Amino acid sequence: MTRGWTIQQWQQAYREHHAQAADLLRPLLAAVSTTDNAWITVIDADQLEQQLGALQQRLAEVKQDLSQLPLYGIPFAVKDNIDVAGLATTAACPAFAYVAEMDAEVVARLKAAGAVVLGKTNLDQFATGLVGTRSPYGAVANSFDADYISGGSSSGSASVVARGCVPFALGTDTAGSGRVPAGFNNLVGWKPTRGAFSTRGVVPACRSLDCVSIFALTVADTRLLAQIMTAFDAQDAYSRAAPRPLPRTTWGPRPRLAVPANRPWFGDDAQCEAFERACQQLKDAGAELTEIDFEPMFALARLLYEGPWIAERHVVLETFLAEHGNQMDPTVASIVSGAVGLAATDAYRAEYQRMALQRQILATFNTFDALLVPTAPLLPTQAQVAAQPVEVNSWLGTYTNFVNLADCAALALPGGLRRDGLPAGITLIAPAWHEVAMAEFGEQWQQSLARAGLTLGATGQSLPAAAAAISACPTDSMPIAVVGAHLSGMPLNHELTSRGAVLLERTRSADHYRLFAIANSTPPKPALVASDSGAAIELELWALPKGAWADFLAGIPTRLGLGTVQLADGRQVKGFICEPAALDGALEITSFGGWRSYLQSRSPR
């Protein structure tokens, strides 16, 4: 049964158990309920067969090598303000609907990696809202308790992932729409740097702030998807090329996190308690938490709806609002109409204020690795939202609205369950292009929650044991396996990161390798040796830009070199090997299973 599988489990089914995509996807599609209002459109059997045919053609093109199709046969859902060729894009407004002729760029990239679209999901109309109730297709219920909201605007995308219908879904995020639903449904929500993912083929909300976002059950899955989706798109005026090298990719063993000293909860004590508990767990794990004044963040957040950025929504909908305003959700129509009468003077005044506040906020990261906030200050009921639709929606954006205006990236993480059994979420916020460091931290945090018994989404499934997953190596890079001083946090890791290398995954070698500690090497280094017997050795796989290989090779010390290393799943990649002379006086440490474990055994207790 595929329901509730992570991407890793789908990959294993195809790679290790030789499952056929048609055999898994046909029953999955048949199981989608026609009364499930998390979906606006579900593909039909013919549309599935068309995608399966295209998938088999792609597999033939790569000579049956699944490592070239990291998302082979994996189903996903798409928020219905993002184009999928041949399907209607409604933005949750039937009068606005059109049939898309082309896939949005992000959808095209995922399909090219082997993924299969299962359907389009419900949302707050025109992505205007954080509640998930402003849709003519109905309010999407929280996946834990239908009396509570799912969060929005990416309500349907969060719901279908949380309930295990698909392992991941695309949302959008302008004011928190990719984070609030993640927090309310026990999911991971990846809000990238603005421009990291193309928004071509997305119905704009605020075009200068919009981001495509990812919902998934695990941090590892979102990380893989981000590798595939991050790309400069010359046809998207707001697309940005990632810097080379990327900024910091790890925070080390004691991350420094800034927490808001002034934390409004709007009467939700359970939300407050859950966040305090998460903060204590992070402290116990070694993180340094410091309270700071969040007024600059709150002031910037207020600008998003109280300032002229609402005019960006009006730019998109001006004609439609004039001709079909009576066919729009009344709350959404009222919000967008608020832009009428705003002057250019208002826009520039607000922009000057935004820049001043952004400068203050970004200066925070001179002292801290990231901000740590509750994903939302409250989890309201459907009835609360119905009684105060604008006020409650505004409260939900307390910790999210400022992020895109400040040009930051964010990662929403499960935060454990509240005393009433509902999910609580925490969010990390860091400067643009710091997603890798947040993901490193997030994976460790999710593993700690899993050890404490927290399951994935609303599936009841446990976090899968760490296993080799097929990673997507950027086309301008080649993978390299490292086992010692070049590992994350080790003395020579900078030789990779300074050349723009990005960590793909942590995995193991095949089980026929022996590991030795080289004598008298500075800094200490191991040697990996293929053998007729041995063990699986822990290693990291990094994507090193092709243009940096010659320079990197020139720095490899005597007696070490590069050869071919076989991974546990059978893949073969380039990695460090050694000449026989390197083993003179070396200590065999194979039994430790990896360099880190060996070093820990030598540390004073």
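**Notebook: sheets and cores**

I looked up the open sheet and found five strands in the order 15-18-14-20-19, with mixed pairing. The model is a predicted one. I noted that strand 15 (502–508) and strand 19 (560–566) stand at the edges; each has a single partner strand, so one side of each lacks a neighbour in the sheet. From one strand to the next, I read an average twist of 35 degrees.

Within this sheet I then checked strand 14 (residues 477–482) and strand 20 (residues 572–578), which pair in the parallel sense over two bridges. Opposite Ala-481 I found Gly-575 of strand 20.

I turned next to strand 13 (residues 423–431). Nine of its nine residues are buried, so the strand is largely enclosed by the rest of the structure. I recorded antiparallel pairing with strand 11 (residues 370–374) over four bridges, where Pro-374 has Ile-426 as its bridge partner. Strand 12 (residues 408–417) also runs antiparallel to strand 13, and eight bridges join the two; here Ala-409 is partnered by Ala-430. I noted that strands 12 and 13 form a hairpin with five residues between them, and that Gly-421 in the turn has a positive phi of about 85 degrees.

Last, I examined the nonpolar cores. The largest has 100 residues, and those touching the most other members are Leu-71, Val-107, Leu-110, Phe-168, Leu-257 and Leu-372. Helix 16 (residues 435–451) supplies the largest share of this core, seven residues. For Leu-71 I listed contacts beyond four places in sequence, among them Ile-7, Leu-110, Phe-168 and Ile-228. I also found a second, separate core of 38 residues, including Leu-539, Ala-548, Val-573 and Ala-582.

How values were computed
Residues are numbered from 1 along each chain as its sequence is written. This is a predicted model: local features need pLDDT of at least 70, side-chain atom pairs count only at pLDDT 80 or more; totals for chains, interfaces and linings use all residues. Side-chain values use heavy atoms; hydrogens and water are left out. A nonpolar core is a set of buried Ala, Val, Leu, Ile, Met, Phe, Trp, Tyr and Cys residues joined through side-chain atoms within 4.5 Å. Buried means under 20% relative accessible area, exposed over 50%, partly exposed in between (1.4 Å probe, protein chains only). Contact means heavy atoms within 4.5 Å. Two strands pair if DSSP finds at least two bridges between them. Axes are lines fitted to C-alpha atoms, for helices over the stretch in contact, and angles run from 0 to 180 degrees between N-to-C directions.
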